[in-house]
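Subject: A structure for you to look at

Hi there,

Here is the structure I promised to pass on, with the sequence alongside. My notes follow below, so that you can check them as you browse.

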Amino acid sequence: MSDIQFEIDGRPVKAKDGTTLLEAARSVGIEIPTLCYHEKLEPYGGCRLCIVEVEDRGWTKLVVSCVFPVKNGIVVRTRSEKIDRIRKTIIELLMAHAPDSPVLTALAEEYGADKDRFEKESSFCIHCGLCVRYCAEVAGKHALGFVDRGIRKEICFIPEIAAEACSDCKECFPLCPTSYLQAAYVLTKELSFPDVSSGPESEK
Amino acid sequence: MARIHTPEELEAYRQQILSRKDPNRPCISICAGAGCVASGADEVIAAFSEEIDKQGLSAKVDTKGTGCPGFCERGPVVVIYPEQTCYLQVTAADVPEIVEQTIKNKKVVERLLFKDPETGGRFAREPDIPFYKNQKRTLLCSNIKIDSKRIDDYLAIGGYSALRRALFEMTAEQVVEEVKKSNLRGRGGAGFPAGRKWEGSRNAEEPIKYVIVNADEGDPGAFMDRALLEGNPHSILEGLIIGGYAVGAAEGYIYVRQEYPLAVKNISLAIGQAEEYGLLGDDILGSGFSFKVIVHQGAGAFVCGESTALMTALEGRVGEPRPKYIRSNIKGLWERPSVLNNVETWANVPLIVNRGADWFTEVGTEGSKGTKIFSLVGKINNTGLVEVPMGMTLKEIIYDIGGGIPGGKKFKAVQTGGPSGGCIPEEQLDLQVGFDELTQAGSMMGSGGMIVMDEDTCMVDVARYFIHFLTDESCGKCVPCREGLRQMDRILTNITRGRGKEGDIETLQELSDTAIEASLCALGKSAPNPFLSTLRYFRDEYEAHIKEHRCPALSCKELIAFYIDPEKCSACGICRKKCPVDAIDGAKKKIHIIDQEKCTRCGTCFEVCPPKFRAVTKISGEPVPAPIDEEKRMVTKKTKKAPVQ
């Protein structure tokens with residue numbers, strides 16, 4: 001396939017057709033922040049942090065780089081006042097849930113976000129879906145999923161599968177930007193794994 | 001019924017149906033749409049059948065349950081043909097009188113006719129009633145003429161002749177061209193030109209394509225798609241089959257919400273009948289074109305009305321939107337070219353094919369052609385479905401068709417476009433309805449919801465209500481929508497409860513910007529509209545709530561108090577007896593006082609205080625006057641003032 005030629009932050013970039021902007025940028029060392037992206041997973045487009053400005057035939061628009069395919073002749077800007085403002089707001093919204101997440105703390109510093117801007121709601125999970133998607137797409141185990149919808153959505157281990165599949169895997173643990181995943185796992189394990197030998201009853 | 005094999009057989013069969021019909025034979029049409037059924041239409045239909053039998057008239061008179069004619073406020077609606085006598089709010093008890101008077105003696109039952117609330121004049125014929133007279137009903141007009149469960153009724157009014165014409169007199173390209181020329185724009189919300197969408201799919205390389213009906217009507221207060229699906233399902237089916245032919249699809253889907261059981265039933269029945277007649281399935285009318293239709297019931301998520309979420313749901317996965325930088329008419333359902341149009345858009349297709357694009361473009365504004373159905377609800381006299389030409393002004397819809405605001409109240413705003421639409425104030429009432437016109441006014445066409453609000457409506461609370469609805473319906477996939485709306489809902493709730501603070505408006509504006517610019521799908525991108533449009537036209541109300549803790553519409557419970565004016569109270573005791581929390585102190589001949597600590601601001605006292613006293617008032621933003629001294633509380637007979645000499 002032929003190479004697509006375009007520009008990111010003033011630098012000419014070449015990439016294969018079908019590559020996403022994010023991949024193309026990272027391949028030449030241009031960093032764009034992400035929370036829900038993982039190279040082994042299908043692009044999700046959920047956190048919206050990787051938003052960038054694209055100028056295409058005179059039109060400027062905002063797109064999320066993890067799903068936007070490269071195109072000949074476009075001019076991409078990965079930082080601007082508008083982009084930074086959107087990223088700052090997104091980080092602030094997420095810090096209402098996970099104020100001390102190291103990943104978010106570092107981003108907050110970069111974008112001048114105030115972790116106390118919005119009223120706290122300590123659910124810790126920021127719904128990046130990395131664990132759920134990794135388990136399904138890479139590990140192929142489907143040991144956890146999302147339950148409910150919207151603001152009530154939560155990640156949830158499925159005890160019957162997790163009891164079998166998780167103890168010697170746990171590959172999703174380091175993916176979680178807030179450490180909530182481990183907590184959810186421990187909670188599920190203690191509450192409902194069918195294996196009674198690990199339950200409190202056996203310790204008596 | 002035997003299968004129809006050729007277009008000639010179809011026309012012959014149509015003639016056969018028509019020859020059996022005597023246009024002068026009396027026919028009693030009773031609306032069997034969901035609204036009228038809820039008001040007892042089933043009993044009325046049963047009563048008519050029974051009465052007609054009892055009187056031995058069954059050989060001379062037809063009775064049929066039909067689709068919704070739109071005047072839901074006054075249901076059950078009965079129209080008697082050929083005179084088109086229209087009776088409203090008919091009960092089973094009225095039936096013997098109607099049969100005796102109107103059917104047997106050709107007389108009109110005065111008391112069941114529409115009465116003009118202003119002039120008191122009555123209208124006997126349906127087309128003369130102002131509600132109908134000022135409409136242009138090219139789609140809805142068929143509803144009352146047919147029994148939606150009978151394909152023969154649809155054939156009798158010319159049904160499936162557009163399909164015949166498309167299959168035998170036009171190439172697929174010509175059909176696309178005709179729809180393009182008509183400039184039919186999507187009736188579901190975005191207003192994208194249907195013809196261009198079709199053309200994109202038609203020209204796409206992938207050989208397997210789909211056409212889909214979006215019947216996931218989820219806007220609060222909107223029911224036009226339901227009325228069409230329940231009342232005239234074959235018209236949508238015919239449109240869809242034509243679409244399949246034009247685009248080159250062999251399969252069509254109808255995504256209908258599960259909460260519409262009658263619509264599901266009627267469309268499923270229609271599909272079965274069309275298959276039996278050979279109008280759907282393999283080799284339709286011998287044309288060589290084969291097409292099948294599958295009904296898919298949605299599981300109750302508002303977001304599934306969004307195109308990519310709907311397609312994801314159709315694929316059997318969680319109904320969440322997916323990022324798209326390639327349009328779904330190129331890469332949609334199962335990554336194949338998919339044309340998704342709204343119910344009303346599909347219903348227009350047979351009319352355009354039959355009567356031509358030029359006929360269609362005769363009506364409308366520069367950018368918006370044809371008619372549009374609106375569901376007119378809220379503080380309006382004539383609640384119901386109205387179909388008007390594009391370009392009619394809001395004022396004409398609200399006053400000439402809707403009959404104005406009930407109870408002598410003042411109009412304040414009309415909310416159009418569903419929850420993510422906007423509020424349009426009185427000074428813009430001369431605005432013509434059209435896709436571009438409504439967008440310019442800060443609202444949108446949406447699927448055609450129109451909620452009228454009067455002076456008692458608090459616009460901040462309206463914004464809170466819709467943002468809350470959208471927060472609840474957010475799928476939760478992307479942060480600007482899920483988290484942004486959650487915070488907006490929280491801030492707006494605080495403002496309406498008197499806990500607003502300086503800077504709230506600016507924070508809301510920033511969250512709105514983020515949602516508009518960075519959300520994944522149209523739900524998130526348009527969600528801030530209720531806030532932005534109310535801020536645009538009613539900023540003073542926001543400021544009054546935040547700075548003065550005052551609700552100018554006297555509506556937000558936490559910001560108002562009820563107070564009995566001692567000058568006006570006559571100690572009648574009604575409010576004291578009706579108060580559900582015993583918050584009113586008083587006795588015979590003793591002026592009543594509301595205990596503000598106990599009062600729950602339910603407003604009962606305000607409603608029951610007799611108009612001749614009007615002693616109970618609402619107060620907001622100022623302290624409640626101290627109760628009068630105990631010794632002054634006895635009511636003394638008010639003496640008439642001595643006449644001025």
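Let me begin with the contact between the two chains: chain A puts 23 residues into it and chain B puts in 25. Please keep in mind throughout that this is a predicted model. On the side of chain A that touches chain B, the elements giving two or more residues are β4 (59-64) and α2 (81-95) of chain A.

Staying with chain A, the domain assignment gives domain 1 (3-79) and domain 2 (130-197). Over C-alpha atoms, the centres of domain 1 and domain 2 of chain A are 31 Å apart. Seven residues from domain 1 of chain A and seven residues from domain 2 of chain A make up their contact. The domain 1 side of this contact in chain A consists of four nonpolar, one polar and two charged residues.

Now for chain B, which has 24 helices and 19 strands. Its C-alpha atoms fill a box of roughly 95 × 65 × 45 Å along the principal axes. A compact globule of 645 residues would have a radius of gyration near 26 Å, and the 28 Å of chain B agrees with that. The chain is divided into domain 1 (20-132), domain 2 (151-361), domain 3 (371-457), domain 4 (460-548) and domain 5 (557-632). Between the centres of domain 1 and domain 5 of chain B, taken over C-alpha atoms, there are 47 Å.

Two sheets of chain B are worth a look.

One is an open, mixed sheet of four strands in the order β2-β1-β3-β4 (chain B). Its edges are β2 (62-66) and β4 (85-87) of chain B; each has a single partner strand, so one side of each lacks a neighbour in the sheet. On average, and ignoring direction, neighbouring strands here are turned by 20° against each other. Helix α3 (residues 41-54) of chain B packs on this sheet, where it touches β1 (27-31), β2 and β3 of chain B, and its direction makes about 165° with that of β1(B). Strand β3 (residues 78-81) of chain B runs antiparallel to β4(B), joined by three bridges. B:Val78 has B:Tyr87 in β4(B) as its bridge partner.

The other is an open sheet of four strands with parallel pairing, in the order β9-β8-β7-β10 (chain B). Here β9 (292-298) and β10 (338-342) of chain B are at the edges with a single partner strand each, so one side of each is without a neighbour in the sheet. The twist from one strand to the next averages 20°. Six bridges link β7 (residues 210-215) and β8 (residues 251-257) of chain B in the parallel sense, and B:Ala215 is opposite B:Val256 in β8(B). Across β7, β8 and β9 of chain B lies helix α12 (residues 261-277), at about 170° to β9(B).

Finally, a helix pair: the axes of α19 (residues 479-496) and α22 (residues 529-548) of chain B come within 11 Å and cross at roughly 40°. The two helices α19(B) and α22(B) are therefore oblique to each other. B:Met488, B:Ile495 and B:Thr496 of α19(B) meet B:Phe531, B:Tyr542, B:His545 and B:Ile546 of α22(B). This contact of α19(B) with α22(B) has five nonpolar, two polar and no charged residues.

How values were computed. Residues numbered from 1 in each chain as written. Chains lettered and ligands numbered in written order. Predicted model: local features only at pLDDT ≥ 70, side-chain atom pairs only at ≥ 80, totals over all residues. Domains from an automatic or database assignment. Nonpolar A, V, L, I, M, F, W, Y, C, P; charged D, E, K, R; others polar. Pairing = 2+ DSSP bridges. Axes fitted to C-alpha atoms, helices over the stretch in contact; angles between N-to-C directions. Parallel < 35°, antiparallel > 145°, perpendicular 65-115°, else oblique. Rg over C-alpha atoms; globule rule 2.2 N^0.38 Å.
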